[in-house]
Amino acid sequence: MSPALDELLDLLDLEQIEQNIFRGSSRSALVPRVFGGQVAAQALVAAGRTVPADRTAHSLHSYFLRMGDPGAPIVYTVDRIRDGRSFTTRRVVAIQHGQPIFHLSASFQVPEEGLEHQADMPAAPDPESLPTAAEMLPRHLPAEVAERLVEARAAVDLRYADTPPWGSVGEPREPRSQVWFRTNGKLADDPLLHVCLATYVSDMTLLDSVLLAHGRGGWAVGDVVGASLDHAMWFHRPFRADEWLLYDQQSPSASGGRGLGQARIYTQEGRLAISVIQEGVVRVPR
């Protein structure tokens with residue numbers, strides 16, 4: 001297991017300070033705020049710690065309310081909304097400096113049999129044939145920026161199937177992006193852990209497709225400013241975050257200073273594991 005993954009797992013191992021109250025810390029990010037994927041993953045950990053072990057997460061809906069302070073602890077309060085025969089619902093509020101910065105609702109379900117169908121997995125190159133982040137990023141970004149981005153994502157092996165937004169600035173393309181990802185090391189056989197790590201990664205690249213439509217390089221090159229507004233995920237089938245997952249992302253719309261990204265995450269065998277939708281602020285600096 002890589003030291004960076006070890007550090008991330010420590011971040012997700014929240015401290016319980018009272019019944020239904022947990023505390024987490026943050027790691028440094030590319031920008032002076034808490035990474036959205038981190039606070040979403042930690043909130044899901046807090047919710048999951050209050051749910052019976054026989055129930056797995058099947059959906060989450062969340063809003064980013066305020067910019068998080070990476071130098072301060074985050075307190076997560078869990079509201080046990082409902083414990084039904086099949087479904088369990090939790091609401092989590094993340095608090096810093098006395099104010100809510102993030103709100104999450106999550107639902108958990110007892111496994112059961114039912115109707116089955118799924119969208120087909122799109123064509124994508126073999127992940128092992130693609131360059132690693134450490135190999136690819138220095139080709140497109142200044143050395144210092146590339147180094148910081150590689151460090152920020154070091155817990156995850158994330159490989160672009162095509163040129164990322166910052167590699168094609170000024171060249172509008174189809175608003176679609178594909179990346180393969182897996183953790184940089186094996187994980188324990190805990191379904192909640194795998195779901196939380198996929199939640200963490202899901203906030204890294206989802207708005208790339210918005211940038212591609214307009215030939216913008218994004219936060220790494222500073223030709224747009226932005227932040228996540230809301231984030232929703234549906235977990236359809238079991239998966240492992242330490243095995244290759246294809247993140248197929250596209251943007252159907254951008255308007256009003258906002259961009260929408262939607263995506264499907266497939267296992268390497270072609271099973272549809274997760275659906276994701278996110279809207280974010282995407283503004284051109286004046």
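1. A starting definition for the helix pair: axes here are lines fitted to C-alpha atoms, for helices over the stretch in contact, and angles run from 0 to 180 degrees between N-to-C directions. Please keep in mind that this is a predicted model.

2. With that in hand, have a look at helix α2 (residues 36-48) and helix α5 (residues 191-205), which pack at an angle of about 160° with their axes 7 Å apart. Angles over 145 degrees count as roughly antiparallel, so α2 and α5 are roughly antiparallel to each other. Their crossing is right-handed.

3. Which residues make the contact? From α2 come Gly36, Gly37, Gln38, Ala40, Ala41, Leu44, Val45 and Gly48, while α5 supplies Leu192, Val195, Cys196, Thr199, Tyr200 and Asp203. By type, the residues of this contact divide into eight nonpolar, five polar and one charged.

4. Now to the strands. β10 (residues 245-255) pairs with β11 (residues 258-267) in the antiparallel sense, over nine bridges.

5. A handy landmark here is Gly259, which stands opposite Gly280 in β12. β11 and β12 form a hairpin too, with four residues between them, and Gly270 in the turn has a positive phi of about 100°.

Definitions and conventions:
Residues numbered from 1 in each chain as written. Predicted model: local features only at pLDDT ≥ 70, side-chain atom pairs only at ≥ 80, totals over all residues. Heavy atoms only, no water. Helix = DSSP H or I, 4+ residues; strand = E, 2+ residues; numbered from the N terminus. Parallel < 35°, antiparallel > 145°, perpendicular 65-115°, else oblique. Left-handed = near helix turned anticlockwise from the far one by under 90°. Contact = heavy atoms within 4.5 Å. Nonpolar A, V, L, I, M, F, W, Y, C, P; charged D, E, K, R; others polar. Pairing = 2+ DSSP bridges.
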